Amino acid sequence: MGLLSDPVRRRALARLVLRLNAPLCVLSYVAGIAWFLALVFPPLTQRTYMSENAMGSTMVEEQFAGGDRARAFARDFAAHRKKSGALPVAWLERTMRSVGLEVYTQSFSRKLPFPDETHERYMVSGTNVYGILRAPRAASTESLVLTVPCGSDSTNSQAVGLLLALAAHFRGQIYWAKDIIFLVTEHDLLGTEAWLEAYHDVNVTGMQSSPLQGRAGAIQAAVALELSSDVVTSLDVAVEGLNGQLPNLDLLNLFQTFCQKGGLLCTLQGKLQPQDWTSLDGPLQGLQTLLLMVLRQASGRPHGSHGLFLRYRVEALTLRGINSFRQYKYDLVAVGKALEGMFRKLNHLLERLHQSFFLYLLPALSRFVSIGLYMPAAGFLLLVLGLKISSLHEAEVGLEEPGGVGFQGLTAGGMVVVFGDPLAPGPISKSLCALQGVGLASLVAPLLISQAMGLALYVLPVLGQHVATQHFPVAEAEAVVLTLLAIYAAGLALPHNTHRPLSCRVVSTQAPDRGWMALKLVALIYLALQLGCIALTNFSLGFLLATTMVPAAALAKPHGPRTLYAALLVLTSPAATLLGSLFLWRELQEAPLSLAEGWQLFLAALAQGVLEHHTYGALLFPLLSLGLYPCWLLFWNVLFWK
Amino acid sequence: MAAAMPLALLVLLLLGPRGWCLAEPPRDSLREELVITPLPSGDVAATFQFRTRWDSELQREGVSHYRLFPKALGQLISKYSLRELHLSFTQGFWRTRYWGPPFLQAPSGAELWVWFQDTVTDVDKSWKELSNVLSGIFCASLNFIDSTNTVTPTASFKPLGLANDTDHYFLRYAVLPREVVCTENLTPWKKLLPCSSKAGLSVLLKADRLFHTSYHSQAVHIRPVCRNARCTSISWELRQTLSVVFDAFITGQGKKDWSLFRMFSRTLTEPCPLASESRVYVDITNYNQDNETLEVNPPPTTTYQDIILGTRKTYAIYDLLDTAMINNSRNLNIQLKWKRPPENGYIHYQPAQDRLQPHLLEMLIQLPANSVTKVSIQFERALLKWTEYTPDPNHGFYVSPSVLSALVPSVVAAKPVDWEESPLFNSLFPVSDGSNYFVRLYTEPLLVNLPTPDFSMPYNVICLTCTVVAVCYGSFYNLLTRTFHIEEPRTGGLAKRLANLIRRARGVPPL
C-alpha cells in the first residue's frame, strides 16, 4: 500500500492537517464527547436479545414454593450466627447435609497489607462452607455456582435461607445435567477469592487456605445473591467485575427474561428502567445509568462477589434484593422462582456462554451499546493526541532540517492523521531518529525521575507504613493514604527542579524550544499508547482518563498563561479525576456529597484501591501509579521547562 | 455300495449327538445374580452379573454351533485372536467417598481394553478393526478410538484371566470420556443374554428405570478361565455386568426403604430356564446385631457370609424360586485402611506426539496412612488446527479419567474358597490370597477449555471482506488512477563518486 499510494496527494493532506491542527483537535475532542453522549439514543443503543440457542426458546416452569422454609432457615441462621459471632459452620454443614448435599468446608486466612478501616479487618481468618448437588448420571465435568457472601454483619441471612431452600428444592429434581455448588463464603469477597483460588489450585494473592476436598468440574456460570430482608421491592443487578470485566450479555438477558416473566421490578445501577425511548426522557435517564456504569467499570473494583469469578472466565453476576419504600413487594418465593428459572436454563447449556457480547455498555437493562459503536468515542479523543503528535513532530523536524528535506517525517506524521492510529510504529521510530539530534540524554533524566516517582508511589506507602506510624501519631491505614498523597504532591515539585542542570547544557547549543518539544513528544506518545491499551481492555477507564487528560496534555507548553495551564493540569491529574468521579457518582445517585464528606470518601477510596490491588489483584492502583502518574509528571515537567 | 452309503450316514448321524452327550456334561452354563447393597449415603446400589461359561476352544476355527454364548462375540474372539476383552459404558461417576468401594468401577464414558494373543502380528490393525466392529455391535462411538487416545499401559491392567505371560505389547487401552450411554447401548447388551429380557433377573432391566438413576454402568468382560481345578484346559467366560445406583433421596422421599418394584417397576416372576443358577443377594450386614432396625421381607432362606472388599459381610440369598420380595434395609460401614505396600517406586512416562499418541504417565507409589497425595501435570493450552475443532468448541475438550489400581490389605483375613462356587460379584478379580483384595478406582474426566477462535459467521464475513477490500480494491484503484513521473537519477557516474570521496577526505563539500 505504501509503495503504491500517491505521495503528492498525501503530502497535500498532511499539510492541510498541519495547518488546521488546532481546530481539528478541538473538533475531534468535541466529536468524541458528543459521540459518547449520543450512545444513549436509539440508533446507537439497541434492544438486547438472547443469542444462546440453548437458553432462548426452551420453556421452563418454575415450581419453587419454599418461601416459608427459606424464612425458617434464615431465622435459624441469623440466630446461630448471633450466638457464635461468626459463620455458624457446624449448623450450615448439618443443614446442607440434611437437604441432601455433599458438604465440604474450607478454612482460609489472610493478613492484609494494612488494616482495612472500611470493613474493620486486618488479620482475617474464616471458613467457607459449600455443598454440592451431584447431577445424576453426570460425571462432574461441569457445574453452576450459587453463592452467598456473608460479611461481618449478619445482613445476608435471608440470602442464606433462600439458598438452602433452593438447594432443598433442587435436590428433589432429576433433570440436572450439571452439578450445582451452593457456596456460603465468610468475609464476603475474601472468602470468595480464597475459594476460587483453591478451586482452581492457583495462588495469586498470597491467601493461605486449605485445599478443597470436593470439586465439580469446570464452572460454567455463577450467580451471587445478596438479600437483606424477607421482602424485596426490587432486584438490582451488578455486572461490573474485577478490572472492568463484564459477564457475557446473555447472562444478563437471562436475568431480564425472568424479571419480565415473574413481573419483578428490576433495576440497573439502582435506576428504574425508562420505558419511552422515543422522547428525550428515556435517553436522558439512560445517560445517567450509562454514566454510573462507566464510573463503576472504570473503578476496576469487583462490585459484588461475582466480580472475582470473571477472572477465571466464569460468567457471573450479582443480584441484590432491595427493600425500599415502594408499594409492591415481592416475597422470597418470587426471587426463588427467578433463580430457579435461571439455573434451569443455565442447566440446558451445551457450551459455555459465548454467543453474545462480552464488551458492552448498558444504558438500561433492555438496551445495550456494543463495542463497535462505543469505540469511536474513545477513538476521537485519542485522535487529538495523534494530531498533536504529528504537528509537534513536524515542528521538530522543521527545526532540525530547515531546508524542507523533512518530507519523510512529514508523511510519516501524515499517516498518523489519516489512520488515526497512535500505535503505528512509524512515528515512534521516526521521532526517535529526530530525538537523536536533541540528545537523548536531556530526556533520560526527566523520564527516569518521573518513573522513579511512580515506583515510589507504588511501593513506599505499604512498605513504609511502620516507619510512618513510629514517627507520626497516625494509624497504619491513615499512614498509607497520607504517604500516598505526600509522594504524589512531592512529585509535582521534584522533576522540574532537577531537570535544569541536566538539560541546559544541551539545549543552550541548539534551538531553545527543542528540549521541551522533544519531551512533550515523548510524553504524548507515551500517553497515547497507554490510553489506547486501556481503552481496549477497559473502555470506561480509558474514556474517563482520555476525557480529562487529553486537553491538558495537548495544551501543556512553557509559554503563554502558565498558571492557567498549571491549574488545568492539576485539575485533570489522575488523583483529581478520582475525586471528581466520586462527586459525579454521588451526584448521579442523587445523594450529593459535601466537600468534607467527599474528602473522607476520597481518602477511603485511596486506601481501598491499594488494598484491592493486594487482596484481589485489581490493576487500577499499579496502572495509575506506574503508568499514568509518571506520564502526567512529564507534562508537568514540560509546563515548567526553562 | 449304493445301499451302504445312506446306512453309514444314518449311523453317523445317530452317533454324533449321542456321543457328545455322553462324553461331557453340558458344555456351556449360565449363572446370573443380582446384588443389592445399601450404600453408606443411603442410596441403593444394584449390581447384575450374568456369566456365560463355555468349555470350548474358540481360538480354533470351525466352531459354528453356539448355544448360550453369543455368536457375535464368539466370532470376534476367533477372528481377532483375543485373549481378553473388557468393555464398559458408564453414565455418571461412582462417588467412592459416599458410596464406599465399588465391586467394579468404570470411568465415565466408554472404556475398552483388550489383550491380544501373542500370535497377532499387527496389533494396531486388529485393535482398529475390533473397535469398529464393537462400535457396530453396541451402537456406540467406539470407532472414534484411534492412535491419539490409545495407550499401552505397562504397570496397570494385568490380564484378569488365565495368562502365561504378560507382554504389554499385546495390550491396548482407550477411553472415550464423552460417550453418552443410553437405551441404544442397553438394548444390544441385553440381546447378548440367553434369556434376553424375557425371564429371570433380566426382567428387571427396564430402560426407563435404569436411566432414572444416579449412576449407570454396563460392561462386558471376556476372558479365558480354567476349566477344572487342575487347569488342564481352558474355558471361555463372558461376564455381563450392570451396576446402577438409585437415589434414595429422590425416589424414597428421604426414606431408605426400598423394594424391587419401587426400584425397577417390575417384580421377579420366573427364573430363566437356561440358567443353572439364579440368585439375588441382599446385603444385610448388621442384621444380627440390630434386629429391630432392619427387616427383610420375605425372610431369606439362607444367608452367606464372606469377606468382601476387606470387610465381613452378610448377604441374604434368595433363589429365584422364591418370588415374593418386599424389602427394607439398612446401611453398613465400610472402612478402607491403607497400609504400606511392599513394592518400590516405579514411574513410566511416555510423552505425547501431537495428533499421534496421548501422554501416558504411570506411577507406582507408596501411600502413607491418612495422607493426601497430589499428582499434578502442567499443560499448555494451544490453538488447534481449524479443522480439528469440534462442532461445539466452547464446550471444552475432555481429558480421560486417571486410574488407580491397588492391592489393599484386608482388615479381616478371608478364608480361601472354591472359586467356582463363590458368588459372581466376588470372583471377577483374581485373588492371590486372603490377606488383601484388589480395587480399581477411576477419577472423573476433566473438561479443559482450549483457546477458541470466534467461529461466528459475521466475524468471518468481516474478515474476508476487509481483506478483499484492503488488498484487491486498494491496489487496483491506486494502479488505475495514479500518474507516473520519470525521476532523474541523482547520483552521477563512477567518476563523480570518486571525486566526492576525495573531496570528503580533503574536507571540502562534495559536488
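A: Happy to! A word on classes before we look inside: Ala, Val, Leu, Ile, Met, Phe, Trp, Tyr, Cys and Pro count as nonpolar, Asp, Glu, Lys and Arg as charged, and the others, Gly among them, as polar. With those classes, the lining of the largest cavity divides into seven nonpolar, seven polar and two charged residues. Please keep in mind that this is a predicted model.

The largest cavity holds about 160 Å³ of space. Its lining is made of 16 residues, and those closest to the centre are Leu104(B), Gln105(B), Ala106(B), Glu111(B) and His221(B). Several strands of chain B take part: β3 (82–91), β4 (109–116), β7 (215–226), β8 (234–246) and β16 (436–442) each supply at least two lining residues. Among these contributors, β7(B) gives the most, with three residues.

For context, the search of the whole structure turns up ten cavities of 30 Å³ or more. Around it sit 14 lining residues, with Thr37(B), Trp94(B), Pro101(B), Pro102(B) and Phe103(B) the closest to its centre.

Key
Residues numbered from 1 in each chain as written. Chains lettered and ligands numbered in written order. Predicted model: local features only at pLDDT ≥ 70, side-chain atom pairs only at ≥ 80, totals over all residues. Heavy atoms only, no water. 1 Å grid on protein atoms, 1.4 Å probe; cavity = no way out; pocket = protein on both sides within 12 Å on 5 of 7 lines; lining within 4 Å. Points joined across faces, edges and corners; volume = space filled by probe spheres on them. Helix = DSSP H or I, 4+ residues; strand = E, 2+ residues; numbered from the N terminus.
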